[in-house]
Amino acid sequence: MKIVVCIKQVPDTNDVKWSKENNIIREGLTNILNPYDEYAIQAALEIKKIDPDTKITLLSMGPNCARETLEYGLALGADNAILLSDKRFSGADTNATSKTLACAIKNIICDFDIIITGQFAIDGDTAQTGPSLAHNLNIPVLTYVKKILDVEETKLDAKCEKEDNVSTIEIQIPCVLCVLKGCSQLKNPKIGDYIKAQNKELRIFNADDIKMDIEMCGIKGSPTFVQKAFRPEITRECKTIEDDYISEILSHIRKNNGKKEETQPEQ
């Protein structure tokens with residue numbers, strides 16, 4: 001089994017700065033592996049436990065500092081890693097990102113059975129990249145995967161979260177799986193794992209290497225953009241009630257309801 005796990009480096013903070021194009025300025029920030037993507041790596045490793053011949057390739061797009069995230073994934077147990085790094089990739093929305101990843105998979109990785117991604121990225125929270133990647137590769141996709149149940153040569157079964165229930169779904173291989181937190185058990189790498197990871201292959205490719213049309217990547221290939229970015233104001237207040245809390249709560253409700261009635265316009 002050949003598995004590609006798409007991962008992303010994200011800022012480990014809410015105190016982000018924005019460029020004039022309303023893109024996150026990542027320089028100077030502490031970065032981490034997107035939490036959903038760590039579960040994606042562990043899900044691939046669980047498949048490898050069942051089939052020891054499984055090869056796991058990590059794939060990420062980002063600046064050179066994203067190497068740290070890939071090295072962490074290699075220490076977790078992935079076999080090799082690929083970083084797509086080029087200034088022409090910067091400012092990409094989910095559409096341009098998925099096209100770039102798909103181009104690398106087609107032209108560099110070539111042979112794969114399963115692609116696993118995190119359902120969300122905490123710096124964007126759109127849940128669009130995985131399905132868009134499947135669309136660009138013309139393969140089926142399962143989203144909101146809670147657990148991979150069984151993997152065979154040509155198909156797999158997974159438990160997926162729906163709006164009002166959890167369903168077990170069969171999907172044909174090759175496919176894309178977008179996993180949720182908790183789909184697998186997280187494990188921290190040990191010192192020996194980091195030492196082993198130093199001997200694993202980590203390759204870096206630019207737009208020319210993967211034969212990417214530069215009109216389709218980065219800002220040029222992004223039909224969507226962030227129109228406005230701002231920090232929401234928190235206006236909630238907390239009041240501590242120690243005695244006779246029922247009367248205090250009822251009094252608060254009556255008082256606020258009275259204010260609402262006063263502000264209602266006349267009919």
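Leaving aside its neighbours within four places in sequence, Glu248 touches Lys239, Ile241 and Asp243, where contact means heavy atoms within 4.5 Å. Glu248 sits in helix α6 and, at 35% relative accessibility, is partly exposed. The cut-offs are these: buried is under 20% relative accessible area, exposed is over 50%, and partly exposed lies in between, with a 1.4 Å probe and protein chains only. Helices (H or I, at least four residues) and strands (E, at least two) are DSSP runs, numbered from the N terminus.

This is a predicted model, in which local features need pLDDT of at least 70 and side-chain atom pairs count only at pLDDT 80 or more, while totals for chains, interfaces and linings use all residues. Residues are numbered from 1 along each chain as its sequence is written, and side-chain values use heavy atoms, with hydrogens and water left out.

**The chain as a whole**

- The protein chain holds 6 helices and 13 strands.
- It has 267 residues, and 40% of them count as buried.
- Among contacts in the protein chain with a separation of 6 or more, 71% are between residues 24 or more positions apart.
- About 16,400 Å² of the protein chain is accessible surface, and carbon and sulfur atoms account for 48% of that; accessible areas come from the Shrake-Rupley method with a 1.4 Å probe, and for residues only the protein chains shown count as cover.

**A nonpolar patch on the surface**

- Ile241, Tyr245, Ile246, Ile249, Leu250 and Ile253 make up a nonpolar surface patch, and together they have about 540 Å² of accessible area.
- One of these residues, Tyr245, belongs to helix α6, which covers residues 245-263.
- Patches are built from residues with over 30% relative accessible area and no salt bridge; like charges are joined within 9 Å, and nonpolar side chains (Val, Leu, Ile, Met, Phe, Trp, Tyr) within 5 Å.
- A salt bridge here is a side-chain nitrogen of Lys or Arg within 4 Å of a carboxyl oxygen of Asp or Glu.

**Helix α4 and what covers it**

- In helix α4 (residues 129-137), the buried residues are Gly130, Leu133, Ala134 and Leu137.
- Looking down the axis of α4, these buried residues fall within an arc of 100°, so they line one face of the helix; the arc is that of the directions from the helix axis to the C-beta atoms.
- The cover over the buried residues of α4 includes β1 (2-6), α3 (94-109), β8 (114-118), β9 (141-151) and β12 (175-179).
- Asn138 follows α4 and has a positive phi, near 60°.

**A cluster of aromatic rings**

- A pair of aromatic rings is described by the distance of the centres and the angle of the planes.
- Rings of Phe, Tyr and Trp (its six-membered ring) pair if their centres lie within 6.5 Å; planes under 30 degrees apart count as stacked, over 60 as edge-to-face and the rest as tilted.
- The count by this rule is 2 aromatic pairs.
- Tyr36 and Phe120 pair edge-to-face, with 5.4 Å centre to centre and 65° between the planes.
- Tyr36 is in helix α1 (residues 35-50) and Phe120 in the loop between β8 and α4, so this pair ties together parts that are 84 residues apart in sequence.
- Both Tyr36 and Phe120 are buried, with Phe120 at 17% relative accessibility.
- Phe120 and Tyr144 also pair edge-to-face, at 6.0 Å centre to centre with 75° between the planes.
- Tyr144 lies in strand β9 while Phe120 is in the loop between β8 and α4, so the pair ties together parts that are 24 residues apart in sequence.
- Through these ring pairs, Tyr36, Phe120 and Tyr144 are linked into a cluster.

**Backbone details to look for**

- Tyr144 is not a glycine, and its phi is positive, near 55°; with 30% relative accessibility, Tyr144 is partly exposed.
- Lys211 has a positive phi as well, about 60°, and is not a glycine either.
- You will find Lys211 in the loop between β13 (201-205) and α6, where Lys211 is exposed with a relative accessible area of 67%.
- Ile173 and Pro174 are joined by a cis peptide bond, with omega about 10°.
- Pro174 is in the loop between β11 (166-172) and β12.

**Two glycines across the sequence**

- Gly91 belongs to the loop between β7 (80-84) and α3 and is partly exposed, at 29% relative accessible area.
- Gly91 and Gly221 are 130 residues apart along the chain, and their C-alpha atoms are separated by 9.3 Å.
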